[in-house]
Amino acid sequence: MAKRLNTKPKHDGYRMPGEFEPHKQTWMVWPERTDNWRLGAKPAQKAFVEVAQAISHYEKVTVVVSAAQYENARHLLPDDVRVVEMSNDDAWMRDTGATFVVNDKGGVRGVDWEFNAWGGLVDGLYFPWDQDDKVAQKMCEIEEIDSYRTEGFVLEGGSIHTDGEGTLIVTEACLLSEGRNPHMSKEAIEEMLRDYLGVEKIIWLKNGIYLDETNEHVDNIVHYAAPGVVTLAWTDDENDPQYPLSKAAYEVLANTTDAKGRKLEIHKLHIPSTVEITEEESKGVDAVEGTLPREEGDRQAASYANYYICNDAVIYPTFGDETYDQKAKEVLQKVFPDRDVVGVYAREIILGGGNIHCITQQQPLGKK
Ligand code: KQY
């Protein structure tokens with residue numbers, strides 16, 4: 001039986017592991033809303049199937065899906081992917097799913113953050129979000145995992161990256177945004193992160209990726225590859241609005257130490273050539289009051305740092321950019337010499353405002 005706990009993970013001996021630690025499985029949500037995904041979400045569904053398929057070569061995958069889409073998802077997804085019916089508002093498992101924490105006895109628990117669609121009524125991306133806010137609890141129930149609920153404290157999984165050894169990286173643009181926890185000071189937010197993720201040192205970057213609609217989640221700009229090793233979204237083009245953001249992040253990362261006192265090894269991942277929504281793509285999305293519109297010419301926050309680490313592999317987004325897709329693969333293969341590096345074409349995911357890391361959530365194995 002899965003229980004709701006009134007204690008705090010850190011005090012119970014739990015910590016958030018690094019994504020590179022062993023997984024039991026990956027969770028995803030099936031995309032279907034036609035005001036975010038073009039053409040009735042069919043092209044996005046194809047891309048999600050490709051992501052699930054790529055990951056399923058390395059570890060178990062569970063995809064949750066609404067009742068209305070169950071048969072379609074079951075038909076399109078590979079047989080070895082588990083499909084579970086679950087109500088939802090959209091397909092961003094990184095943000096709506098539980099953040100799992102582990103202890104040194106093989107225990108695994110879930111943190112169920114309050115979710116408000118990246119900003120609630122201030123600058124949230126859709127309304128309502130009540131079904132998304134229940135996804136984390138339902139995952140924990142299915143897996144019979146006890147969970148902690150942070151009622152009144154809003155956070156998403158994409159806004160935190162840890163080395164699993166006491167260090168957390170976040171952005172001020174996101175965690176201090178008006179739409180999340182405006183009643184809390186930076187110090188109070190840090191205390192919540194320490195208590196619920198079991199970390200000691202928090203590295204604050206100012207920004208993430210230019211025009212990232214999540215208020216600049218850290219997972220689009222920086223990714224922990226291993227303790228002491230990060231990849232950073234970068235551009236050499238000093239005229240690109242991303243340049244000052246990545247440069248500032250580089251300065252912070254290069255001039256800090258982590259919780260263990262290590263300097264960070266930083267690997268630059270050059271962003272792709274600008275990805276913009278075409279007229280045809282924009283016309284394929286239903287206009288709905290309260291949902292962020294997808295306009296022709298809108299620049300998308302495309303970045304290779306939004307890759308996903310699963311057991312023995314790294315699944316990274318490609319954008320049909322011959323130069324930078326290939327360069328990203330080379331950097332990732334150097335950073336992850338013992339893992340396969342597998343590209344999945346992610347244009348249809350970026351058109352919906354996110355990327356591969358945003359649609360996946362790892363459930364750690366827990367060491368026994
Ligand atoms: O990037 C993410 N973590 C989620 C993006 C949400 C976009 C909603 N339309």
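Which pocket is the space taken by the ligand? The ligand takes the space of the largest pocket. A molecule sits in a pocket if more than half of its atoms lie within 2 Å of the pocket's grid points.

This is a predicted model, in which local features need pLDDT of at least 70 and side-chain atom pairs count only at pLDDT 80 or more, while totals for chains, interfaces and linings use all residues. Residues are numbered from 1 along each chain as its sequence is written, and side-chain values use heavy atoms, with hydrogens and water left out.

**The pocket**

The largest pocket has a volume of about 360 Å³. Of its 29 lining residues, Glu213, Leu292, Arg294, Gly353 and Gly354 are the closest to its centre. A pocket here is an open set of points on a 1 Å grid over the protein atoms alone, where a 1.4 Å probe fits, with protein on both sides within 12 Å along at least five of seven lines; lining residues have an atom within 4 Å of a point. The lining divides into 11 nonpolar, 10 polar and 8 charged residues. Gly counts as polar in this scheme.

**The ligand**

There are 13 residues around the ligand, and Asn36, Asp95, Glu213, Arg294 and Cys358 come nearest. A residue is near if one of its heavy atoms lies within 4 Å. By class, this shell has 4 nonpolar, 6 polar and 3 charged residues.

| Residue | Protein N or O atom | Distance |
|---|---|---|
| Asparagine 36 | side chain | 3.1 Å |
| Glutamate 213 | side chain | 3.2 Å |
| Glycine 352 | backbone | 3.3 Å |

Taken alone, the ligand exposes 300 Å², and the protein buries 98% of that. Areas come from the Shrake-Rupley method with a 1.4 Å probe.

**Backbone points**

Phenylalanine 127 and proline 128 are joined by a cis peptide bond, with omega about -5 degrees. Proline 128 lies in the loop between helix H4 (120–123) and helix H5 (135–143). Leucine 39 has a positive phi, near 50 degrees, and is not a glycine. Leucine 39 is in the loop between strand E2 (23–29) and helix H1 (42–56). Helices (at least four residues) and strands (at least two) are DSSP runs, numbered from the N terminus.

Technical notes: A polar contact is a pair of N or O atoms within 3.5 Å; within protein, one must be able to donate a hydrogen and the other to accept it, and residues adjacent in sequence count only if both atoms are side-chain atoms. Grid points are joined across faces, edges and corners, and a volume is the space filled by probe spheres set on the points.
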